[in-house]
Amino acid sequence: AALAELREVVETSPTDPAAFSAEYLVGMVCLERKELAEADAAWRKLLGSNRLTPDAREWQKSLLALARQQYERGTLERREAESGTVAVDPAAVKAR
């Protein structure tokens, strides 16, 4: 329910400053739900927006969240390679 409401804010009020906060939160909710591709897309959308600059708090938080996610993904892949196991990516399973 919360995710739908956040997405509605982004869709219906794209020029409202609250839409940027909502988009960041969409990424956080998706991350909590293990929807990594969706989280990634939300943060990349903010980072690619021509209405935000690196001075914007939402831009900075999105960059940090994306970097953290990429680091954790790389750490997991490295551990898998070292142990010879492969973790299942929930996003990949949903795509099938």
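Mentor: Take the contacts between residues at least 6 apart in sequence: 38% of them join residues at least 24 apart. Keep in mind that this is a predicted model. The protein chain has 5 helices and 0 strands, so reading from the N terminus you get α-α-α-α-α. Of its 96 residues, 29% count as buried. The accessible surface comes to about 6600 Å², and 56% of that belongs to carbon and sulfur atoms.

Now zoom in on helix α2, which covers residues 17-32. One of its partners is helix α1, residues 2-12. The axes of α1 and α2 come within 8 Å and cross at roughly 145 degrees, and α1 passes α2 in a left-handed crossing. On the α1 side, the contact is made by Leu3, Leu6, Arg7, Val9 and Val10. On the α2 side, you'll find Ala18, Ala19, Ala22, Glu23, Leu25, Val26, Val29 and Cys30. Sort the residues of this contact by kind and you get 11 nonpolar, no polar and 2 charged.

Next comes the meeting of α2 with helix α3, residues 36-47. Here the axes come within 7 Å and cross at roughly 160 degrees. Angles over 145 count as roughly antiparallel, and α2 and α3 are therefore roughly antiparallel to each other. This crossing, with α2 passing α3, is left-handed. From α2, the residues taking part are Phe20, Glu23, Tyr24, Val26, Gly27, Met28, Cys30 and Leu31. They meet Leu36, Glu38, Ala39, Ala42, Trp43, Lys45 and Leu46 in α3. The residues of this contact divide into 11 nonpolar, 1 polar and 3 charged. If you go back over the two lists for α2, Glu23, Val26 and Cys30 turn up in the contact with α1 and again in the contact with α3.

Is serine 62 buried or exposed? Its relative accessible area is 0%, so serine 62 is buried. Leaving aside residues up to four places away in sequence, serine 62 touches Tyr24, Trp43, Leu46 and Leu47. You've met some of these names already: Tyr24 belongs to the α2 side of the contact with α3, while Trp43 and Leu46 belong to the α3 side.

Technical notes
Residues are numbered from 1 along each chain as its sequence is written. This is a predicted model: local features need pLDDT of at least 70, side-chain atom pairs count only at pLDDT 80 or more; totals for chains, interfaces and linings use all residues. Side-chain values use heavy atoms; hydrogens and water are left out. Axes are lines fitted to C-alpha atoms, for helices over the stretch in contact, and angles run from 0 to 180 degrees between N-to-C directions. Helices (H or I, at least four residues) and strands (E, at least two) are DSSP runs, numbered from the N terminus. Angles under 35 degrees count as roughly parallel, over 145 as roughly antiparallel, 65 to 115 as roughly perpendicular and the rest as oblique. A crossing is left-handed if the near helix is turned anticlockwise from the far one by less than a right angle, and right-handed if clockwise. Contact means heavy atoms within 4.5 Å. Ala, Val, Leu, Ile, Met, Phe, Trp, Tyr, Cys and Pro count as nonpolar, Asp, Glu, Lys and Arg as charged, and the others, Gly among them, as polar. Buried means under 20% relative accessible area, exposed over 50%, partly exposed in between (1.4 Å probe, protein chains only). Accessible areas come from the Shrake-Rupley method with a 1.4 Å probe; for residues, only the protein chains shown count as cover.
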